[in-house]
Amino acid sequence: MNVWRRLSAPRRALALAGAGVLVAGGLVTLPVTVAHAATRCDVTYSTNDWPGGFTANITIHNLGDPINGWTLGWTFPNSSQRVQQGWSAEFSQSGSQVTARNLSYNGSLATGASTSIGFNGAWSGSNPKPTSFTLNGVTCDGTTPPTTPPPTTPPPTDPPDGRVDNPYQGVRGYVNPEWKAKADAEPGGSRVSNNPTAVWLDRIAAIEGTPDSSSNGAMGLRDHLDEALRQGAGYIQFVIYNLPGRDCAALASNGELGPDELPRYKAEYIDPIAAIQGDPKYASLRIINIIEIDSLPNLVTNTSGQPGGTAMCDTVKANGAYVNGVGYALAKLGAIGNVYNYIDAAHHGWIGWDSNFGPTADMLKTAATASGSTVRNVHGFIVNTANYSALREPYVKVTDTVNGQTVRQSKWIDWNQYVDELSFAQAFRQKLVSVGFDAGIGMLIDTSRNGWGGSARPAGPGPTTSVDAYVNGGRIDRRIHAGNWCNQAGAGLGERPRANPEPGIDAYVWVKPPGESDGSSEYIPNDEGKGFDRMCDPTYGGNARNGNNPTGALPNAPISGAWFSAQFQELMRNAYPPL
């Protein structure tokens, strides 16, 4: 689906400053006592040095009580050391004394959460590392203050709502018979056709079923729920996907509702879905809703002032259609005791940069508390929905250096903080908790098309002749650019759906049913609200959102959601783990 990242002004300067030869600096990890009782944290300070200059990266990891607002301080050992330009904090310096204060989006650190800041600096003579830090005025001496005694009367807690911690655990998933029939009709398709996939409710008519549609089926919402009961399934997954002005930065999946049709979204779309899902007949099912993919991150990255910003994104940000639509959906559906809402949270190649990471978490919190909703209506988040980002990059780590140069300077990584979806999902979960979501939230990762197996899959690291050669030679994700999202050539099925695969991850899921197109390769007239996006055209040379690179899209693709046999066959050939 749609992707874009923004290179912030500090990061652009960092890229220029780091263009010379870098010498990897040492790593210093220091215990820090925080100005709260019985709380501690770690500070990691690392540098990349070159003659006269350096880049410093600092990570504050909270190991104790929650922090709401922080100030980090230290003294440079060499009086010539200077902070020149910083990011993710407000820096000031007086003599050798340096202070870094949180910004609006990263001031709250829950227990176990961390935040990263950094700066470009200058030096002469030598560039030794600071030997101590203070956090909120307390010297970093490694001691633990006295434990705060517990209150004599425990504070009241909300009663449990009856939901399980992980709706995917211990039960069978629903197999959509309409998708299964298409997969079974393909040679070899029966090898994967019994995997659970999500049902996409991408227009009002899909609630009742669309027998004459190429991108939906004759079965409506109630039909699928009835079939789930017949199968004895424990959970069923739906994609709630019809916001006013939907996909404001992509054309292939624009929806049926205009940007000012929020009342219609509520009354004709969300309310009927809630009425059916709330039927006591289905109380034994764990109903999992994937809430409005691609919506809220677009408000952070694709509005005016951003490369590739659109007027439609400006409109839905200004009129609150996305924020209030998501909030309404969460409140209405979250009131049903056996419903589990997971909000879409983009992917590492979209919001893995500092300039997008924190603001996107804040935007998700804003929507989760809009239109009468609270964070209690959010069971978790999903990343990589309908996208192709690799689950793991075993041969490329963001901390790697080649000939003293960080791989973050490569064209592929482009100063991103993450190289794969698992590390991003786990880190973003911590960030979401820090901005106010429940500590028990779980993450989902859509692995339907991110396997990248086959003959093109690297078997080891790339050559060390340059950072680009190293990254391009060793990365599992074989796309031309991480901004490419439509029907990607060379992709393969990823990990099969399963629960509790990694800490913090509720499940690997197939939310995008393999074989369903992302969008047409050329304009195809239709009455299903599906537009044409040049990012689905294999002859297109790209735009600002993908660094003006070729799209890497497969030819002869149908409209989004329609069956694409050639892609399904390629996904099976390139599956990893192999079929």
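Visitor: What is the bridge partner of Arg 498 in β22?

Guide: Tyr 508 is the partner of Arg 498 in this predicted model.

Visitor: What makes β21 and β22 count as paired strands?

Guide: Pairing takes at least two bridges between two strands. Three bridges join β21 to β22, residues 505-509, so the two pass that test; they run antiparallel.

Visitor: Why are β13 and β21 said to stand at the edges?

Guide: Follow the order β13-β14-β15-β16-β17-β20-β22-β21, an open sheet of eight strands with mixed pairing. Both β13 (199-201) and β21 (498-502) have a single partner strand, so one side of each is left without a neighbour in the sheet. From one strand to the next, the twist averages 30°.

Visitor: Which helix lies across β14, β15 and β16?

Guide: That is helix α7, residues 321-334. The strands are β14 (235-240), β15 (286-291) and β16 (339-344), and α7 runs at about 165° to β16. Helix α10, residues 421-434, packs on the sheet too, touching β17 (380-383), β20 (442-446), β21 and β22. The direction of α10 makes about 150° with that of β20.

Visitor: And the whole protein: how many helices and strands are there?

Guide: Happy to zoom out! The secondary structure comes to 12 helices and 22 strands.

Visitor: What share of the 579 residues count as buried, and what does a residue need for that?

Guide: A residue needs under 20% relative accessible area, and 58% of the 579 residues count as buried. The accessible surface comes to about 21,100 Å², with 53% belonging to carbon and sulfur atoms.

Definitions and conventions
Residues are numbered from 1 along each chain as its sequence is written. This is a predicted model: local features need pLDDT of at least 70, side-chain atom pairs count only at pLDDT 80 or more; totals for chains, interfaces and linings use all residues. Side-chain values use heavy atoms; hydrogens and water are left out. Helices (H or I, at least four residues) and strands (E, at least two) are DSSP runs, numbered from the N terminus. Buried means under 20% relative accessible area, exposed over 50%, partly exposed in between (1.4 Å probe, protein chains only). Accessible areas come from the Shrake-Rupley method with a 1.4 Å probe; for residues, only the protein chains shown count as cover. Axes are lines fitted to C-alpha atoms, for helices over the stretch in contact, and angles run from 0 to 180 degrees between N-to-C directions. Contact means heavy atoms within 4.5 Å.
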